[in-house]
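Here is a short briefing on pockets and strands. Look over the sequence and the model before reading on.

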Amino acid sequence: MASDLYPFQFRPHFKQYMWGGRRLGDILGKPLGEGSCYAESWEVVDHGEDQSVVANGPLTGRTLHWLVGQYCEPLLGLPAPQGPFPLLLKFLDAQQNLSLQVHPDDAYAATMTPPDLGKTEAWVVMHAEPNSVIYAGLKRGFDRAAFARELQRGTGHLCVHQLQPQVGDCIFIPAGVVHAIGAGLLIAEIQQASNTTFRLYDWNRVSADGRARPLHLEQGLEVTDYDRGPIERQTSQPTDREYVERLVTCDKFVLDRWTTSGSHDFPCDGRFHMLTVLQGRVQLRHPLLNGPLGRASTVLIPADRETLVLDTIEPTILLDMYLPSGP
């Protein structure tokens with residue numbers, strides 16, 4: 001079966017929310033329809049009814065869930081995770097502040113109905129308007145009682161550390177960290193394949209019908225990590241390849257950033273890889289790909305593969321996302 005696999009491209013799966021805009025199309029070139037609130041473009045997803053659909057090669061039209069079911073070990077690698085594809089890659093356009101929110105860990109999410117994965121995530125800033133803000137992590141001194149009191153007063157955002165990000169910054173948000181993406185940011189996000197969010201504060205907004213979005217205070221307070229404190233930008237670490245820097249290593253995923261203008265072998269290491277281009281253009285040498293990969297293009301490379309060659313057409317920055325090594 002493994003011989004049937006090849007690098008997969010997918011159709012973007014769009015989400016429209018009140019805080020979105022049109023920069024997914026205007027800046028990233030995504031094929032948006034009508035409307036002005038395109039908030040997220042899910043590039044690789046296997047989560048219930050939210051499914052990536054193959055857009056190249058003989059398996060065009062198949063969902064990622066189908067691929068995992070048919071080719072679990074050769075697609076994902078060994079030891080192959082149980083269940084759906086374990087990671088979710090998306091782009092977010094924050095025309096307004098996202099809600100102040102928190103995600104549960106795996107243990108809590110497994111008790112929900114229906115059960116889900118927890119949600120640890122990382123962001124890489126692709127575009128930032130002047131004075132844009134990221135909220136990440138409670139300030140020192142806020143325990144559950146103090147944070148709950150400020151949320152009841154409608155001032156919960158004052159409890160959360162703020163930073164002004166620049167393009168290229170990486171922010172790591174483990175499960176349990178209170179956070180919000182501020183207005184004016186365009187973000188690439190890698191996360192566990194979960195959509196469980198507990199909304200703590202929504203800036204007193206109302207939707208077009210005059211209703212406020214529901215909050216989830218009890219659940220959110222229950223899963224918040226009160227010990228972690230403020231979150232700062234990640235400090236990248238060198239790797240054994242001079243053009244690759246390590247942005248995040250955790251038990252859920254590894255996030256590397258390539259900055260290159262050369263050609264490189266992409267050998268088989270027994271794991272799948274997701275590559276997404278932040279800037280520039282590359283050509284992955286394979287006959288079933290739909291041409292070069294430009295900005296915001298993504299390809300899923302199966303674990304069971306021959307060595308591939310990646311050629312840069314112009315100076316390129318790309319993200320490489322994959323699972324950590326097994327025990």
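Two strands pair if DSSP finds at least two bridges between them. Strands (E, at least two residues) are DSSP runs, numbered from the N terminus. This is a predicted model: local features need pLDDT of at least 70, side-chain atom pairs count only at pLDDT 80 or more, and totals for chains, interfaces and linings use all residues. Residues are numbered from 1 along each chain as its sequence is written, and side-chain values use heavy atoms, without hydrogens and water.

**Sheet**
- Six strands form an open sheet in the order β1-β2-β5-β12-β7-β10, with antiparallel pairing.
- β1 and β10 (170–173) are the edge strands, each pairing on one side only.
- β7 and β10 pair in the antiparallel sense over 4 bridges.
- Glu 121 stands opposite Ile 173 in β10.

**Largest pocket**
- A pocket is an open set of points on a 1 Å grid over the protein atoms alone, where a 1.4 Å probe fits, with protein on both sides within 12 Å along at least five of seven lines; lining residues have an atom within 4 Å of a point.
- The largest pocket is lined by 25 residues.
- Pro 81, Pro 86, Asp 251, Lys 252 and Leu 323 lie nearest its centre.

**Second largest pocket**
- Its lining has 21 residues, and Tyr 17, Trp 19, Glu 40, Gln 101 and Thr 197 are the closest to its centre.
- β1 (13–21), β5 (87–94), β7 (121–128) and β11 (179–181) each supply at least two residues of the lining.
- β11 gives the largest share, 3 residues.
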